[in-house]
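Work through each task before reading its solution.

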Amino acid sequence: MTRLLGTALIACVSIGCVTDDGAATTGAVDAEYTSEAGLVSVHIAANDLRVGGGNELRVTVPPTAATVRLVAASAFMPAHGHGTDATVVPGDDGAYHADNIVFFMPGRWELRLAFSDGTREDRIRFYIDVP
């Protein structure tokens, strides 16, 4: 049993795990998030997230982190093991848009954002409940 738990912990550390602590917003997000390794803190905003396509996140990188770019975005539904990639579009004033996020069904989704400053990569993951 100890060996199994140790193996699971090593796998979690090497591939990255996020624990669903029950904290999620429903249908919208407007919050500050810091990446897992501390590369960047960003503001993430979205309204009226719902089943279907056309959902969008606005991710604002502060001017103090001007070299950091949002390089990928996706949504994953842990309960069913499926997900979808979004299109990342650079905007004005440090804002990026993760466009056309498709939520196939209602429920808890993990949103995954990948960042890079050209030499380091980092990510932010958080949960949202899609009504």
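**Exercise 1.** Determine which residue in S4 stands opposite Ile44, and describe how S3 and S4 are arranged.

*Solution.* In this predicted model, the residue of S4 that stands opposite Ile44 is Val59. Next, consider His43, whose bridge partner in S4 is Thr60. These residues belong to S3 (residues 41-46) and S4 (residues 52-60), which pair in the antiparallel sense over 3 bridges. Finally, examine the connection: S3 and S4 form a hairpin with 5 residues between them, and in the turn Asp48 has a positive phi of about 55°.

**Exercise 2.** Starting from Thr60, identify its bridge partner in S8, and then give the order of the strands in the open sheet.

*Solution.* In S8, Thr60 has Ala95 as its bridge partner. S8 (residues 95-103) pairs with S4 in the antiparallel sense, over 6 bridges. The open sheet consists of 5 strands in the order S2-S3-S4-S8-S7, with antiparallel pairing. Its edge strands are S2 (29-34) and S7 (87-90), each of which pairs on one side only. On average, neighbouring strands of this sheet are turned by 25° against each other, direction ignored.

**Exercise 3.** Decide whether Ile128 is buried or exposed, and name residues in contact with Ile128.

*Solution.* Ile128 lies in strand S10 (residues 121-130). Its relative accessible area is 0%, and Ile128 is therefore buried, since the cut-off is under 20%. Leaving aside neighbours within four places in sequence, the contacts of Ile128 include Thr25, Leu49 and Trp109. Ile128 and Thr25 are 103 residues apart in sequence, yet 5.0 Å apart in space, C-alpha to C-alpha.

Methods:
Residues are numbered from 1 along each chain as its sequence is written. This is a predicted model: local features need pLDDT of at least 70, side-chain atom pairs count only at pLDDT 80 or more; totals for chains, interfaces and linings use all residues. Side-chain values use heavy atoms; hydrogens and water are left out. Two strands pair if DSSP finds at least two bridges between them. Helices (H or I, at least four residues) and strands (E, at least two) are DSSP runs, numbered from the N terminus. Buried means under 20% relative accessible area, exposed over 50%, partly exposed in between (1.4 Å probe, protein chains only). Contact means heavy atoms within 4.5 Å. Axes are lines fitted to C-alpha atoms, for helices over the stretch in contact, and angles run from 0 to 180 degrees between N-to-C directions.
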